[in-house]
Amino acid sequence: MKKSFFLITVVLFQAVTAGLSAQSRDLAPYVTQIRAEARNNLIRLTWVDSPDVKGSVYIYRSTRPFSGIIPANIRPVVVRYGDQYYIDDTDDMGNLYYFIAASDISGQRYEIILPEINSTSIVTQMNGSSVSSGSTVPVSMPAVSMEGIYNLKASQDGDKVIITFDSTGNLSRNAVLYRSAHPVTRPRDLLNAVIVHPAVHSPFVDLPIPGLSFYYAVIYEDEISSGNMGIKPGINTTVTAVTVFSEQNQERSIRPIPLPVMSLSSTMPDSFFITEVSGQIPLSRESANILRDTQMPQKEPLVLKRPRVFAADLVTPAGGEESALFQIVTEYFSKYDWESARVSLQHYLSLPRTREVEARARFYLGQALYFTGYYREALMEFLAFRAHDQSEASSWIDATLAAMVY
C-alpha cells in the first residue's frame with residue numbers, strides 16, 4: 001500500500017512539473033537559424049519554422065537593413081509553413097537584406113526583427129563575391145535537385161515578353177503558361193490568371209496588353225487536372241512584374257514639353273487690337289444657302305455581335321457543375337439579362353472547375369462583359385479563350401476592339 005502511494009505521488013509530481021515548465025516557456029513567434037547562400041543570380045534562404053505559430057511565413061527583401069517598422073512599399077513573398085526554404089532570383093547581387101516574419105493560422109503576422117535569427121543580408125565584397133552576414137567565408141549554394149519546371153524568367157523586349165524556363169523529367173508533358181496581374185504564390189491565385197498557351201515550350205514570346213504589369217507561371221497540365229499544383233515562387237512563377245510599352249506610348253513619352261502660351265495683348269499696344277465690334281456680320285445669301293444644304297455626316301450606330309452558346313449547354317445535363325452552368329445560360333444568358341449573367345458567372349468561376357467547363361463559362365462571361373460595356377475585361381476573357389477556339393475567339397476580340405474605339 002505504501003509502495004503504491006509512493007508511485008502515485010511521483011507521477012503527480014512529474015505531471016505538475018511538466019505543466020509548470022510548459023507554462024513558463026516563452027512564446028517564440030518567429031523563425032530561427034536563417035541562412036542565405038548565393039550562387040550566380042540565385043539566393044537560397046533557409047530557416048527553421050516557429051514551433052508556436054504555424055501559419056505561412058512572409059519573406060521581405062530590401063536594399064537597406066531592416067529596423068523598426070517595415071516600409072509599406074515592400075511586398076513580401078508568402079511561403080507555406082513547413083517548406084523552410086525559398087530561392088530568390090535577382091539580377092542585382094548587390095547589398096540585399098532579408099527578413100522572415102512568422103504568422104499564426106489566423107493570418108496575424110509577428111514582425112519581430114531579430115538580427116542573425118530571422119533577418120540576414122547578402123553583402124557584396126570588393127572582389128565581387130557575396131557573403132551572408134551570418135558567415136565568415138564566402139558561401140556557395142549547393143546543387144539543388146530541381147524537378148519539373150524551374151528557372152522561369154520573363155524579360156521585356158520592346159512590346160514583347162520573352163518567357164524562358166528549364167524543365168526535367170518527361171518532356172512530353174504539357175506545360176501551361178499563365179499570365180496574371182498579381183503574383184502567383186498559391187494555387188488559388190491561378191483563378192485570377194489567364195492561360196496564354198496550353199502547351200508552351202521555352203523560349204516563348206508573349207504579346208500582353210501594353211502599359212500593364214504582369215506575372216507569369218508555368219504549371220504542368222496533369223498537375224492542374226489532379227489538383228496537386230506545386231506553386232514555387234521564384235522557380236516556376238515569377239516574383240517580379242514585367243511591363244511592356246507600345247511604340248505609340250514611347251513616342252508620346254519623348255515628346256518635348258510645349259512652350260508656354262504667350263498673351264499678345266500683354267506685348268502689343270492697345271491700339272493694335274480692335275476693341276469694339278459694331279455688331280454681328282450676317283452671311284451672304286450664297287454662303288447661307290451652302291450652309292443650309294450641307295448635311296453633316298452621321299456616325300453609324302455600333303452594331304454588336306449576336307450572342308453565341310455551345311450546343312452542350314442547351315441540353316439539360318445529368319448534374320454536377322454543368323447543371324449550374326446550364327441554369328445560368330437558360331435563366332439569364334438566353335434572355336439577354338446580361339447584368340445578372342455577368343454576376344452569376346463571376347460567382348460560378350470563383351470555385352475551381354474542370355478545364356472544359358471553365359473555358360465555356362469564361363467565354364460566356366466575356367460575352368456578358370461585352371454586352372454590359374465592360375470591353376476591357378471582356379477582351380481579357382476572349383484573349384484567354386484563344387487557347388480553346390482560335391476562330392471564335394478572334395471574331396469576339398475584333399468586335400470588342402471595335403467597340404472600345406467606337
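Phe-310, Phe-333, Tyr-336, Trp-338, Phe-363, Tyr-364, Tyr-370, Phe-371, Tyr-375, Phe-382, Phe-385 and Trp-396 form one aromatic cluster, where rings of Phe, Tyr and Trp (its six-membered ring) pair if their centres lie within 6.5 Å. The model is predicted, so local features need pLDDT of at least 70 and side-chain atom pairs count only at pLDDT 80 or more, whereas totals for chains, interfaces and linings use all residues. Residues are numbered from 1 along each chain as its sequence is written, and side-chain values use heavy atoms, with hydrogens and water left out.

The chain holds 9 helices and 16 strands, which are DSSP runs numbered from the N terminus (helices H or I, at least four residues; strands E, at least two). Of its 406 residues, 34% count as buried, a term that stands for under 20% relative accessible area, with exposed meaning over 50% and partly exposed in between (1.4 Å probe, protein chains only). Among contacts with a separation of 6 or more, 64% join residues 24 or more positions apart, a contact being heavy atoms within 4.5 Å.

Trp-338, a member of the aromatic cluster, is also one of the buried residues of helix 6 (residues 338-348), together with Ala-341, Arg-342, Ser-344, Leu-345 and Tyr-348. These buried residues pack against helix 5 (321-333) and helix 7 (355-371).

In the whole structure, a search finds 18 aromatic pairs. One of them, Tyr-60 with Phe-99, is stacked, at 5.8 Å centre to centre and 20 degrees between the planes; planes under 30 degrees apart count as stacked, over 60 as edge-to-face and the rest as tilted. This pair links distant parts of the chain, since Tyr-60 belongs to strand 3 (residues 57-62) and Phe-99 to strand 6 (residues 96-103), 39 residues apart. Both Tyr-60 and Phe-99 are buried.

Charges also sit over rings, which requires NZ of Lys or CZ of Arg within 6 Å of the ring centre and within 35 degrees of the ring normal.

| Charged residue | Ring | Distance to ring centre |
|---|---|---|
| Arg-179 | Phe-214 | 5.4 Å |
| Arg-353 | Tyr-348 | 3.9 Å |

Tyr-348, the ring under Arg-353, is itself among the buried residues of helix 6.

Leu-304 is placed in the loop between helix 4 (285-293) and helix 5, and Leu-304 is partly exposed, with a relative accessible area of 37%.
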